[in-house]
Amino acid sequence: FHVTGVQTCALPIYVGEIRFHIGSASGTVVAHIRAGLGITKLSQYTVPRNYTAYVLYGDATTFRAGSGNIGSQIRMMVRPFGGSFICAIIAEVVNGFYRNDFLVPLKITEKSDIDVRVIADANNTIASANYQMILIPN
C-alpha cells in the first residue's frame, strides 16, 4: 500500500475528519485529513532514476496535551530498488523536538523508496517529521 497524498475534491473542506483505513473501517489508519484542511501530505518519496539522494538532516516533533512524557518512535525506512525496507534512521521523541544533522550525508541510491513512520506510545499524539535532501545526477 503506497499513499503519497490525498485531497478532498467534491466535499466542503469543513466536512469533518476523514480517515483512510486498510482492509475495513476498523483497520489501520494510513492517511488522515483534519477538518478544515482538505489535504494531507504523506512522507513517502522515490528517488528518481539516474539520481542519488543525500539526506542532510531529519527532524521530528511530537506532542500530546496533558499526558506527561509520551514518547514516539520516528523511523526513516528506505527500500533500495528491488529490495526490502530497512531502517536508515531511528529516533525517540518525547513531547518535544528532535533534529539529526548528518556530518556525512546519508546516501540513498536511485529508485529507492523512502518512508518516514511514526509509532506513538498513546492515541491522539500529534507528530510531524521532515527531512532535507539534495539530488545529484549520477
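Colleague: How many aromatic pairs does the count come to here?

Modeller: The count comes to 0 aromatic pairs. To pair, rings of Phe, Tyr and Trp (its six-membered ring) need centres within 6.5 Å; planes under 30 degrees apart count as stacked, over 60 as edge-to-face and the rest as tilted. Before we go on, this is a predicted model, where local features need pLDDT of at least 70 and side-chain atom pairs count only at pLDDT 80 or more, while totals for chains, interfaces and linings use all residues. Residues are numbered from 1 along each chain as its sequence is written, and side-chain values use heavy atoms, with hydrogens and water left out.

Colleague: What makes Arg 99 count as lying over the face of Tyr 57?

Modeller: The rule asks for NZ of Lys or CZ of Arg within 6 Å of the ring centre and within 35 degrees of the ring normal. Arg 99 is 3.7 Å from the ring centre of Tyr 57 and lies over its face, so the pair qualifies. Likewise, the charged end of Arg 117 is placed over the ring of Phe 85, at 4.8 Å from its centre.

Colleague: Thanks! How many helices and strands does the protein chain have?

Modeller: There are 0 helices and 11 strands in the protein chain. Both are DSSP runs numbered from the N terminus: helices are H or I with at least four residues, strands are E with at least two.

Colleague: Why are S6 and S9 called paired?

Modeller: Two strands pair if DSSP finds at least two bridges between them. Strand S6 (residues 51-63) is joined to S9 by 8 bridges, so the pairing holds. The two run antiparallel, and Tyr 54 stands opposite Lys 107 in S9. The order S9-S6-S11 makes an open sheet of 3 strands, with strand S9 (97-108) and strand S11 (126-137) as edges that each pair on one side only.

Colleague: What makes a set of residues a nonpolar core, and how many residues has the largest one?

Modeller: The members must be buried Ala, Val, Leu, Ile, Met, Phe, Trp, Tyr and Cys residues joined through side-chain atoms within 4.5 Å. Buried means under 20% relative accessible area, exposed means over 50% and partly exposed is in between (1.4 Å probe, protein chains only). The largest nonpolar core has 14 residues, and those with the most contacts inside it include Val 55, Met 76 and Ile 114. S6, strand S7 (71-79), strand S8 (86-94), S9 and strand S10 (113-120) each supply at least two residues of this core.

Colleague: How do you know whether Asn 95 is buried, exposed or partly exposed?

Modeller: Asn 95 has 27% relative accessibility, so the label is partly exposed. Lys 111 gets that label at 30%.
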